[in-house]
Amino acid sequence: MNATRALLAAALAVTVAIPVTACGSGSSAEDGRTLNVLIGANSIYPTEQKQWFADVSAKFQQQAGAKVTFETFASPTDELTKIQTSMLSGQGPDIYALGTTFTPTAYSTGAFVDLTADQWTKIGGRDRFLPATLGISGPDATHEVGIPFTSRPFVMAYNKELLAAAGIDKPASTWDGLRQQARQLTGAGRYGLAVAYGDGFDPWKFIWAMSIQAGNPLVSDGKARLTDPVTVRAYQTYLGWLATDKVVDPAATGWKNAQAIAAFGAGKAAFLPMVSATSKVTLDKSAVAGKYGYAVMPTVPPGATTLPPGGVGATSILSGDNLVIAKYSKNQDLALRLVNMLTTAESQEAYYRTFGELPTNAELANRLVADPALAAIVDSASKSHGTPFHGGWSKAQLALVNVVVQSVPKLAAGKVDDASLNALLTQAQSEVQAALDKAK
Amino acid sequence: MTVTDPATADAPGTGDARRAGVARPSPPRRRRGATAGGAAVWLLAPGGLLTLTVIVVPFVVALVMSLLDLDQYTFRQWLSAPFVGVDNYVEAVGRTSLPHAIWVSGSAAVIATLLALPLGVAAALTTHLPFRGRSLIRSLYLIPYVLPAFVVGTIWRIILQPDGVANQGLATVGITGGLWLNGPKSYLALIVVQAWSGWPLVYLLALAGLQGIDDSLHEAAALDGAQWRAKLRHLILPLLRPPVALAAIISLLHMVNSFTLPFVLFGVPSPHDVEVLPVLTYVESFQNLRFGLSAAMAVISLVLILVPLLVYLRTVRLDEPEAAA
């Protein structure tokens, strides 16, 4: 058996060694003075990102005498492939920038450094960060792998002109109120809401928000709660906007997020809920430039006028990026020094000025609150809540989106079919529960 | 494979690659001849090593993975992941939508191939004989073939979206197009797009077949007073059968295995009607992180692919003596 295992290990080494050596980005083990960082490619600011890489590397060389090389991934698949290859071969990037909702899954692999108190001190202490941003760093405050790096809270864009013309002074703070305003604003070729029902990523975020506001976090104590009545109601509300309320363009059944932003940018919709502030770049170049504002999304669940008992007034998921350090890294101390450098108020300000992503550094965030243009976004950041911290969460996300995808044909026919919705949710519930049960 | 063996090059009857099959009656002697040279076998070593690295090793790894409970929790020490025997296979067949995905992939590939065949043959017939601008038409025909699947998927997604060109066109003739990228009609969309990107392969092979038909046969048919319809039916189409059959099998394999096109066209999670096998395997591995289960699915699809593949290999072997005869 041992011989077989050795043989298999050798075989695997051959298969993984090819892609690993092909990366050729300078292994960290090479000279011990090079740090590799894997980060998502910024498609909006590619040139600025290259410059930022160079600046960081130069500064770190000065501070610590070590070089930093950056590798980018273009998609979550790219990212996962890289993580898997590195985990198996025990070599690869020293630091990864991971999306917050992926952090629980990454944590469950046990491949990343669980920060000790001493290590936290080396990166300026937990106090350096906005308390909310630490909410998805680990299962509890003593087991954390993720160091908050950027924050992308969800807000809702609204067309000031359209609202003013309809005599609406500000966006509603309840989902029922928003539906009412959307109805009022629908007509003359315009729709109240721009919603991307065909998006492969976003739909679950609405369901999560409405559910947690009504007191159901979807997953708690290892139990999936996808068939909970408040979640069913969340789906009915979300799908109903198009099917029964008719406040969304029927073409939205095929829209991805970018098309919803485009529709809002063309002035064809009054509200654009659940977008990050990164839509600002697109909107400032669109027909609604100067005519739109951002507000936090409703925090009172459908069917209610105030937050119910047990409900959480979440405006956003704790969205953004966490930095994690690979356990296999031979340069963990050096990695901590780089993380320390990247999370200072000064570095975070440079990052915010370049890419428009909000800081996780408490000192800087508190300074930015004073900026009226950012008020809604900073407010949303402070009212963000983490998704359930569970290794099986990625399955839950996918299952939640799948319910929307499979409901789209009915949606296009103008109805929310409760029977098929319940069937889809029952199936999603059992799939998610199976994923939760597999947690080790 | 035998034709690559230089040791047999001077053996009687094997000098001509096209006649490799003819020399089959005396394989044992040729084998001895090959090993007698000693060094000659080593010439195959690079190819053998490459085959081992590129095909055998990943296959063995996949096979082993499919027997383990390999997921994000166990991936780091995958050799010590719990051995679960055929559990992954049982789960794949019984508790996932694998059977449905096999049906979708298989049936759509068969229908799309059947659609692509007449299109490809007709296109080949139109560009067989010389005329002004023939090379331009030939180049145009190849456009769907040279476009990357990612581009094809993106273009068709734009065409087929609810307020896209397809529905606008249909609306002008009074037809409400509706949803093409989700719901029952998405299956139709998958077939149409696959056929669209697949017919140039049939066209290429059919054209090659047409060009290969000896002029004397055309002349003989003309002398016998055959009209074009009779010529087509009794001369051209029968002679086209081997290359077109080959095209059908290759395109079938290609369509069953197609990942990028459905992935880009419909996205993930896939609409139920177009949840194809490669996308399902991808989702289990890269989104649900069930590597063991996904490996089992991959092995099952490999076995399924083997059926047309074996037919293909047989066709390739049988073709040559037939063509030579």
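Two strands are said to pair if DSSP finds at least two bridges between them, and helices (H or I, at least four residues) and strands (E, at least two) are DSSP runs numbered from the N terminus.

This is a predicted model, in which local features need pLDDT of at least 70 and side-chain atom pairs count only at pLDDT 80 or more, while totals for chains, interfaces and linings use all residues. Residues are numbered from 1 along each chain as its sequence is written, chains are lettered from A and ligands numbered from 1 in the order in which they are written, and side-chain values use heavy atoms, with hydrogens and water left out.

1. The six-stranded sheet. In chain A, six strands form an open sheet with mixed pairing, in the order β2-β1-β3-β12-β4-β13. The edge positions belong to β2 (67-73) and β13 (358-359) of chain A; each has a single partner strand, so one side of each is left without a neighbour in the sheet. Helix α2 (residues 46-64) of chain A packs on this sheet and touches β1, β2 and β4 of chain A, its direction making about 155° with that of β2(A). Contact here means heavy atoms within 4.5 Å; axes are lines fitted to C-alpha atoms, for helices over the stretch in contact, and angles run from 0 to 180 degrees between N-to-C directions.

2. Pairing of β1 and β3. Two bridges join strand β1 (residues 34-40) of chain A to strand β3 (residues 95-99) of chain A in the parallel sense. L38(A) has Y96(A) in β3(A) as its bridge partner.

3. The four-stranded sheet. A further open sheet of chain A has four strands in the order β6-β9-β5-β10, again with mixed pairing. Its edges are β6 (191-193) and β10 (292-295) of chain A, each with a single partner strand, so one side of each lacks a neighbour in the sheet. From one strand to the next, the twist averages 25°.

4. Strand β9 and its surroundings. Strand β5 (residues 154-159) and strand β9 (residues 269-276) of chain A run antiparallel and are joined by four bridges. F154(A) stands opposite S276(A), and Y158(A) is the bridge partner of F271(A). β6(A) pairs with β9(A) in the parallel sense over two bridges, and L193(A) stands opposite F271(A). Helix α10 (residues 257-265) of chain A lies across β5, β9 and β10, at about 140° to β9(A). Eight of the eight residues of β9(A) are buried, so the strand is largely enclosed by the rest of the structure. Buried means under 20% relative accessible area, exposed over 50%, and partly exposed in between (1.4 Å probe, protein chains only).

5. R128(A). This residue is found in the loop between α5 (117-122) and β4 (147-151) of chain A.

6. Backbone points to inspect. L218(A) has a positive phi of about 75° although it is not a glycine, and at 0% relative accessibility L218(A) counts as buried. K246(A) has a positive phi of about 55° and is partly exposed, with a relative accessible area of 48%. In chain B, a cis peptide bond joins V268(B) and P269(B), with omega about 0°.
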